[in-house]
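Trainee: Take me through the helix packing in this model, please. I'd like one part looked at closely, then how it sits in the rest.

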Amino acid sequence: MIGELGHFALALAFAFSALLAIIPLVGVARGHGGQMALARPLTYGMFVFTLISFIALVWGFLANDFSIAYVANNSNTALPAIYRFTAVWGSHEGSFLLWMLVQASWAAALALFSNRLPLVFAARVLAVMGMIGVGFYLFMLLTSNPFERTIPLIPVDGRDLNPLLQDPGMIIHPPLLYMGYVGFSVAFAFAIAALLGGRLDSAWARWSRPWTIAAWVFLTLGIMVGSWWAYYELGWGGWWFWDPVENASFMPWLAGTALMHSLAVTEKRGTFKSWTVLLAIAAFSLSLLGTFLVRSGVLVSVHAFAADPTRGMFLLSFLGVVIAGSLLLYAIRAAKVQSHSRYDLFSREVLLLGNNVVLVTATVVVMIGTLLPLFFQQLGLGNISIGEPFFDEMFFWMTIPFALILGLGPLTRWRRQDFSEIRNSLALAFVLAVALGFALPWIFADVVHGLAAIGLILALWVVFTTVAELRMRVASREQKWPALVKLGRSHWGMVLGHLGFAVMVIGIAMVQNYEIERTVRMGPGDTFEQSGYVFTFDEMYEWEGPNFISDTATFSVTRTDGSRVGIIKSEKRFYVVTRQIQTQTGLQVNAFRDLYIALGEELDDGSWAVRIHIKPFVRWIWAGSILMAIGGIFSMTDKRYRLRRRLKAERKREHDAEIANEKEARV
Amino acid sequence: MNPRRKKRFIMTSGIIGGVAIATALVLYALSQNIDLFYTPTEIINGKGAEQVRPEVGQRIRVGGLVVPGSVRREGSGLTVSFNLIDTGPAEVIVDYEGILPDLFREGQGIVAQGILIAPNRLQASEVLARHDEEYMPPGLAEALKGVEHVPPSQWDDSQYRSNDNGADDKSENESGGGYYDR
């Protein structure tokens with residue numbers, strides 16, 4: 001019953017999205033204010049029914065309703081309650097329902113804040129959200145209904161959730177990632193609405209900017225959590241694998257980062273307009289491309305028979321419609337757009353253009369690496385694989401100009417910058433960066449790896465130019481500290497975002513060049529010494545979890561001088577229902593290094609193959625991402641976005657009061 | 001040239017130059033890093049109409065089923081070797097030093113990446129098995145079309161406690177992506 005209710009609610013949500021896609025636009029065409037104003041309640045309706053549908057599926061999981069096929073396939077009575085809840089997005093159908101809920105939430109949030117926008121524009125934006133909804137709801141109802149029943153052959157117990165997904169990281173990773181993915185649909189809706197209206201101005205950029213940054217923040221955090229999860233859960237010791245699924249989330253992130261910076265130019269200077277629109281279209285299209293890659297089964301073609309091939313076809317057609325439709329609209333409207341702002345060769349505009357060129361190149365590189373093997377296969381040219389070395393090499397070369405430009409950008413003025421004015425700060429930053437870039441690895445590890453030094457130099461260059469920029473902003477002020485605070489959140493957002501990038505580059509440079517990985521054969525009582533640490537295999541014991549049996553090894557770690565570092569527990573779990581073996585890695589961490597132990601297989605004589613990693617600065621990669629996200633939060637909560645809202649609200653209150661007065665007068 | 005045109009010219013040529021450099025880099029990196037996929041039969045008998053065999057020293061990927069009973073460890077070290085087979089009778093020996101993935105089992109389809117050290121021997125740097133017991137490497141599934149494939153769950157894996165609960169279920173579980181285990 002609850003299942004059918006969920007299904008029915010989903011159908012109703014689809015109906016609301018269809019109405020939302022049509023009525024407000026009809027209202028705009030006719031100049032009918034009432035029809036335009038309908039956009040908001042229709043959006044709320046879409047959201048409420050999607051929420052009901054989602055709750056129905058959650059209920060199915062919590063109540064162990066194995067008559068719902070999706071629940072039976074992804075849950076089990078022995079599964080702990082928290083994982084029964086997260087199992088809702090453990091597989092295709094449910095995760096798409098979550099995706100829809102996120103999409104509807106963005107639309108509802110947009111509707112909630114739409115009183116800041118002119119009625120016509122708000123109607124258009126929400127209508128575009130409705131159109132996107134139509135495609136997604138149809139996909140869900142036609143090809144991936146999560147409420148399908150197993151009646152009359154109801155299984156006694158479920159097949160259990162994939163053990164890899166029974167982890168805290170999985171609780172937050174998909175929701176965050178989807179908030180980011182789908183969030184770009186808002187930027188897309190703003191761009192399309194602006195194109196429909198034929199007005200691309202800085203007002204549009206200002207409205208769109210906080211939404212774009214919000215989506216970007218979520219995507220950043222989502223990717224970060226995913227990387228962190230893969231690091232400790234998969235047991236390979238890596239933090240990024242250039243796996244097609246990862247690339248699918250990385251492409252919209254790169255395009256989104258470019259969009260964020262391009263929007264800044266459009267807002268502040270009123271130029272780059274058509275480019276910004278194109279980026280907004282690209283960011284969302286890449287989100288869709290990612291969805292297609294992940295959900296159609298093309299990536300692992302063996303799945304083609306298990307997965308319904310109509311899914312892939314549907315998503316591909318939807319992607320085609322979105323891209324073709326928006327580019328057509330762009331072709332018709334963008335020609336009219338003119339930018340009349342002038343800027344010199346050495347100006348912030350040009351440097352931001354450079355940022356965009358590098359980011360777009362990076363997006364294309366990732367796309368080539370991800371799609372080329374697929375094309376080869378589809379064209380019958382054989383099976384090829386493009387692995388980490390390709391991406392590593394390309395990203396190394398692209399980071400160099402990117403970081404150099406990043407350091408210059410904030411120091412440079414809009415329109416025109418006299419080079420001699422900032423020459424001294426730049427020279428100082430450069431000298432410091434080079435000196436410390438070589439000195440730090442030398443202090444840290446005695447051996448200086450060229451690549452690590454380059455990475456550090458780039459990161460420190462960004463840090464020092466950022467500091468120089470802050471100093472420059474307050475140079476003329478008497479009181480330095482209050483002036484720094486007064487710079488505004490948007491400015492601090494930029495500073496934090498750039499510092500976050502630097503922190504991440506430091507982490508990557510160190511871990512890629514100074515990481516130590518040793519595979520050793522160890523039994524209880526054995527010790528292994530590496531880089532000043534002594535690992536002792538203490539004991540091996542077995543225990544039973546709710547749905548698994550675990551072999552746990554305890555290692556005590558000391559330094560060579562005998563001082564204690566800590567105890568690391570590393571496990572090998574056997575999940576009884578799915579009959580899968582799962583490695584649980586053991587970690588001992590501090591800010592500067594991770595000690596990481598993964599158990600391999602048991603060997604004949606009772607000893608185990610053990611993999612020990614020492615990973616310097618690996619936490620900095622995630623710390624940098626978090627810093628970037630915090631920067632994003634600062635930017636989007638800047639006064640100039642909030643102030644407008646308050647003014648609008650006041651104006652509206654006055655307006656309402658006027659109307660009320662008029663009415664009273666009439667009475 | 002007026003200054004505006006000149007500026008535009010410099011910017012355009014800058015972008016074109018950048019794109020050219022990027023393209024050259026991409027092509028170079030690609031030519032270095034594309035690994036071809038072979039099945040054991042293709043390694044022994046050659047691939048395609050021209051019967052192209054990979055050269056010794058070439059970096060390739062091999063996909064096949066692990067021949068039951070062929071997994072052996074050498075002495076006290078961690079080196080392991082096993083044979084890979086597809087439609088037979090050709091077999092390729094894979095040497096690997098390190099930890100095999102959780103899902104590595106005899107009879108399971110796996111992909112090994114490494115350097116060919118003899119016409120039928122691969123020194124693997126990486127062994128991948130998919131998180132799905134029905135998994136077969138993409139290229140292999142094609143080669144095996146029409147050949148009956150026994151799901152790994154029907155083999156006896158006495159290494160771990162046997163529990164037949166739902167063992168015959170075919171796993172259709174898609175965890176939303178192609179995570180490999182290595």
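Mentor: Start with α1(A), which passes α3(A) in a left-handed crossing (the near helix is turned anticlockwise from the far one by less than a right angle; clockwise would be right-handed). Bear in mind that this is a predicted model, where local features need pLDDT of at least 70, side-chain atom pairs count only at pLDDT 80 or more, and totals for chains, interfaces and linings use all residues. Residues are numbered from 1 along each chain as its sequence is written, while chains are lettered from A and ligands numbered from 1 in the order in which they are written.

So, the pair itself: α1 covers residues 2-30 of chain A and α3 covers residues 39-62 of chain A, with the axes 8 Å apart and an angle of about 160° between them (axes are lines fitted to C-alpha atoms over the stretch in contact, and angles run from 0 to 180 degrees between N-to-C directions). That angle is why α1(A) and α3(A) come out roughly antiparallel to each other (over 145 degrees; under 35 is roughly parallel, 65 to 115 roughly perpendicular, the rest oblique). Sort the residues of the α1(A)–α3(A) contact by class and you get 19 nonpolar, eight polar and no charged (Asp, Glu, Lys and Arg are charged; Ala, Val, Leu, Ile, Met, Phe, Trp, Tyr, Cys and Pro are nonpolar; the others, including Gly, are polar).

Now put α10(A) and α14(A) beside that. Helix α10 is residues 244-269 of chain A, helix α14 is residues 348-378 of chain A, and their axes come within 9 Å, crossing at roughly 165°. α10(A) and α14(A) are therefore roughly antiparallel to each other, and α10(A) passes α14(A) in a left-handed crossing. This contact has two charged residues, along with 14 nonpolar and nine polar ones.

UniProt, in an unreviewed entry, puts a "Cytochrome c assembly protein" domain at residues 89-296 of chain A. Over that stretch, residues 89-296 of chain A, the chain is 75% helix and 0% strand, with the end C-alpha atoms 17 Å apart. Over in chain B, UniProt's unreviewed entry lists residues 9-30 as a "transmembrane region"; those residues of chain B are 100% helix, with end C-alpha atoms 31 Å apart. Such annotations may be inferred rather than shown by experiment.

Terms used:
Helices (H or I, at least four residues) and strands (E, at least two) are DSSP runs, numbered from the N terminus.
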